[in-house]
Structure formats: structure tokens, C-alpha cells
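Reader: I am new to this structure. Please take me through it, and tell me what each term rests on.

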Amino acid sequence: MRSVQEIFEAYGADYQVTMSRFLGNEEMYLRFLHMLFQDDNLQKLGQALERGDLTAAFEAAHTLKGVTGNLGLTPLYEAVCVIVEPLRDRKEQDYAQMYQRIREEFRRADAFLEQLKEARRQGGTL
């Protein structure tokens, strides 16, 4: 069984930095991570991009950037960062491709959450 720290590292997240944000409370971290998947900003981003509403897309992406950064989800955070600045500047970009990468990273983050839950079920420290 892998440790929680090993699961973090395999995902590409910094366990120490992230846990310091949550005062070392892995249970609290898990609750906040679970809330990310109940949030609708990913859907709002996709819908805004489909409508061509770059202002709404920026707002959703900017929110995701903050949340994913605070949760230490480095791969997802980096994917979101790629779309935020062009949206801020209203630049013409292949937003569909950027959004697809974000969706892929959301799937990876979801798998990360499942691995953490499994570690907890198996008596890990989370």
C-alpha cells in the first residue's frame, strides 16, 4: 500500500506544501478536494467557451486556478493557468484544445482523489 505522500508525489503534487495549507489535517484536505468535483466552474468554463463569452470563461477559469492552486493539484493548476492569461487578454486561441486538456487533468485529479480514498479505506493516515 502506498502512503498518502507517495500518492501525492505520483500525481505530481507537493505533499508538504499542500498539507501546510491545511494545517497538516489530511481529513480536511480530503473534504475540500471532494468539494472540487461538486463545483460547477469546469462546466461554466466549457459553456462560456461554447458561447464565445470570454469574460465568463475567464471568471470560471480564474476561480478554478485559485481553487486548484490551493488544493496543490499542480498538473490541473498548470493546465488551467495556460488558459487564464489568454482569456484575461481576450486573445484568439485554440480554447477548445486548452479546455480539453483541463478536462483530462480533472479526470487525473479525480483518480488522485479515488487513490486517497482507497488509502484511507486501507487504514492509511488520510
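Reader: What makes R121 and E118 about one helical turn apart?

Author: R121 and E118 are three residues apart in helix α7, so about one helical turn separates them. Helices here are DSSP runs of H or I with at least four residues, strands are runs of E with at least two, and both are numbered from the N terminus. This is a predicted model, in which local features need pLDDT of at least 70 and side-chain atom pairs count only at pLDDT 80 or more, while totals for chains, interfaces and linings use all residues. Residues are numbered from 1 along each chain as its sequence is written, and side-chain values use heavy atoms, with hydrogens and water left out.

Reader: Why is the meeting of R121 and E118 called a salt bridge?

Author: A salt bridge needs a side-chain nitrogen of Lys or Arg within 4 Å of a carboxyl oxygen of Asp or Glu. The N to O distance between the side chains of R121 and E118 is 2.9 Å. That is within 4 Å, so the term applies. Side chains of opposite charge can pair when their charged atoms come close.

Reader: What makes K117 and E114 a salt bridge?

Author: Their closest N and O atoms are 3.3 Å apart. Both residues lie in helix α7, three residues apart, about one turn of the helix. K117 has 23% relative accessibility, so K117 is partly exposed. E114 has 35%, so E114 is partly exposed too.

Reader: What do the buried residues of α7 pack against?

Author: They pack against α1 (4-11), α3 (26-36), α4 (41-51), α5 and α6 (74-88). The buried residues of α7 include Y95, M98, Y99, F112 and L116.

Reader: What makes F8 buried, and what does F8 contact?

Author: F8, in helix α1, has a relative accessible area of 0%, so F8 is buried. Contact means heavy atoms within 4.5 Å. Leaving aside neighbours within four places in sequence, F8 contacts A13, D14, Y15, T18, M19, Y29, F112 and L116.

Reader: Why is T68 called buried?

Author: T68 has a relative accessible area of 0%, so T68 is buried. T68 sits in helix α5 (residues 54-70). Not counting residues up to four places away in sequence, T68 touches L36, L73, L76 and Y77. A polar atom of the T68 side chain lies 3.3 Å from the backbone oxygen of K65.

Reader: How many helices and strands are there, and why is the protein called as compact as a globular protein of its length?

Author: The protein has seven helices and zero strands. Its radius of gyration is 15 Å, close to the 14 Å that the globule rule gives for 126 residues, so the protein is as compact as a globular protein of that length. The radius is taken over C-alpha atoms, and the globule rule is 2.2 Å times the number of residues to the power 0.38. The C-alpha atoms fill a box of roughly 50 × 20 × 20 Å along the principal axes.

Reader: What share of the residues counts as buried?

Author: Of the 126 residues, 40% count as buried. Among contacts between residues at least 6 apart in sequence, 63% join residues at least 24 apart.

Conventions: Buried means under 20% relative accessible area, exposed over 50%, partly exposed in between (1.4 Å probe, protein chains only). A polar contact is a pair of N or O atoms within 3.5 Å; within protein, one must be able to donate a hydrogen and the other to accept it, and residues adjacent in sequence count only if both atoms are side-chain atoms.
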